[in-house]
Amino acid sequence: MDIGVGGKSPILAASAHSPGFLIRRINQIHLALFAEEAAGFDITPVQLSVLAAISKQGGRDQSSIAEEIGADRATLASVAARLETAGLIRRTIGRADQRQKLLHLTAKGKNMLARMQKPLACANERTMAPLDEAERELFLKLLSALVDGGNGHARAKLRLLPGKD
């Protein structure tokens, strides 16, 4: 990895003490790469995360999906409504609690999820391209530690399903 003159990246030299800036910037870069790779699919990374979460176990309520992907319930409800309008999911009312909205993938949603695997992998690969394999592993390990350590401070908490990565 070429990190510039004197062993420091030009951007890192100017922003070394601003993790928020760097995190926001890498998110912007990844979103741009995702948009390029997913052009023509008319889906966002959050919508894709919702489809992936539903695919693990259909019929789960919106609140548990929100916790799994780290989204607040209002955002998840809005995303689910758009996915339902697009015909990618179906929402039903919970039997035990009629306030619950249960989410199910439709055949169109399953197809979209399958078709998005390659564009998603390409976007992820392009995001990580400046790093060698060891740096990638370390970067992901450190990001995971930051997310785990800071999860309690987030407006929307992240909860992974037991036994799931």
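Trainee: Where does Asp72 sit?
Mentor: In this predicted model, Asp72 is in the loop that runs between helix 4 (62-69) and helix 5 (73-85).

Trainee: Is Asp72 buried or exposed?
Mentor: Buried, because its relative accessibility is 17% and the cut-off for buried is under 20%.

Trainee: And what lies 3.2 Å from a polar atom of its side chain?
Mentor: That would be the backbone nitrogen of Ala74.

Trainee: Switching to helix 8, which residue caps its N-terminal end?
Mentor: Asp132 does. One of its side-chain oxygens is 3.1 Å from the backbone nitrogen of Ala134.

Trainee: Okay, zooming out. How many helices and strands are there in the protein chain?
Mentor: Eight helices and three strands. Along the sequence they come in the order α-α-α-β-α-α-β-β-α-α-α.

Trainee: What share of the residues is buried?
Mentor: Of the 165 residues in the protein chain, 29% are buried.

Trainee: And the surface, what does that come to?
Mentor: The accessible surface of the protein chain is about 10,700 Å², and carbon and sulfur atoms hold 58% of that.

Trainee: Last one, on contacts with a separation of 6 or more: what percentage comes from residues 24 or more positions apart?
Mentor: Those pairs account for 51% of such contacts in the protein chain.

Terms used:
Residues are numbered from 1 along each chain as its sequence is written. This is a predicted model: local features need pLDDT of at least 70, side-chain atom pairs count only at pLDDT 80 or more; totals for chains, interfaces and linings use all residues. Side-chain values use heavy atoms; hydrogens and water are left out. Helices (H or I, at least four residues) and strands (E, at least two) are DSSP runs, numbered from the N terminus. Buried means under 20% relative accessible area, exposed over 50%, partly exposed in between (1.4 Å probe, protein chains only). Contact means heavy atoms within 4.5 Å. Accessible areas come from the Shrake-Rupley method with a 1.4 Å probe; for residues, only the protein chains shown count as cover. A polar contact is a pair of N or O atoms within 3.5 Å; within protein, one must be able to donate a hydrogen and the other to accept it, and residues adjacent in sequence count only if both atoms are side-chain atoms.
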